[in-house]
Structure formats: C-alpha cells, structure tokens
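Subject: Structure handover

Hello,

I am passing on the structure below, followed by notes on what was found in it. Please read the notes with the structure open.

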Amino acid sequence: MKNKEVKSDDSGITFFPDKPHRYRILWWQLRKDGFDKWWAHLCEKSWFTDEISMAFMLECMNNEINVFGL
C-alpha cells in the first residue's frame, strides 16, 4: 500500500495506513498499557510493515513523552 505515514504530536501518534483512514494511539495509552502491548497489537495489523514499525519506534523514542518509562 502507498501513502503510509506516521505522525506524532503532543497528544499521541497517528498512523495513516490508507489515506484518508487513520489509526490513533494517545501517549497516555502507551504509558498506561506499555509499549510492548501496543507493539504486539500493531504487529497484528496487515498495514504495520517494517517501515511503519521503524517509524513508530522512532517517533516514540524522539517524543518528549516518556512512553518507555525511562
């Protein structure tokens, strides 16, 4: 599929697997449930490719919100 994007802002992260459709996870959800749970959930999605998963991880690491509990 084309036009896949991952974007983040102060409230969360948004995936655009097939524009105009989107999939949103809020930072508080990631902190509450844990990164591993969301990672496993997203890996079940057919649109969560290696490229998208890398972008997701980078957004989580580069965001000021501490989703990894470090």
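The side chains of T14 and R24 are joined by a polar contact of 2.6 Å. Please keep in mind that this is a predicted model.

T14 sits in strand β2, which covers residues 12-15. With a relative accessible area of 8%, T14 is buried, because buried means under 20%. Leaving out residues up to four places away in sequence, T14 touches E5, V6, K7, R22, Y23 and R24.

Across the whole structure, a search finds 11 aromatic pairs. Among them, Y23 and W47 form a tilted pair, with 5.6 Å centre to centre and 55° between the planes. This pair links distant parts of the chain, its members being 24 residues apart. Y23 belongs to strand β3 (residues 23-26), while W47 lies in the loop between α2 (35-43) and α3 (50-62).

Is each of these two residues buried or partly exposed? Y23 has a relative accessible area of 22% and is partly exposed, whereas W47, at 10%, counts as buried. The two fall into separate classes because the cut-off for buried is under 20% relative accessible area.

Another aromatic pair is made by F48 and F56. Their arrangement is edge-to-face, at 6.1 Å centre to centre and 70° between the planes. Both F48 and F56 are buried.

The residues of these two pairs also belong to one aromatic cluster, formed by F15, Y23, F35, W39, W47, F48 and F56.

Regards

Methods: Residues are numbered from 1 along each chain as its sequence is written. This is a predicted model: local features need pLDDT of at least 70, side-chain atom pairs count only at pLDDT 80 or more; totals for chains, interfaces and linings use all residues. Side-chain values use heavy atoms; hydrogens and water are left out. Helices (H or I, at least four residues) and strands (E, at least two) are DSSP runs, numbered from the N terminus. Buried means under 20% relative accessible area, exposed over 50%, partly exposed in between (1.4 Å probe, protein chains only). A polar contact is a pair of N or O atoms within 3.5 Å; within protein, one must be able to donate a hydrogen and the other to accept it, and residues adjacent in sequence count only if both atoms are side-chain atoms. Contact means heavy atoms within 4.5 Å. Rings of Phe, Tyr and Trp (its six-membered ring) pair if their centres lie within 6.5 Å; planes under 30 degrees apart count as stacked, over 60 as edge-to-face and the rest as tilted.
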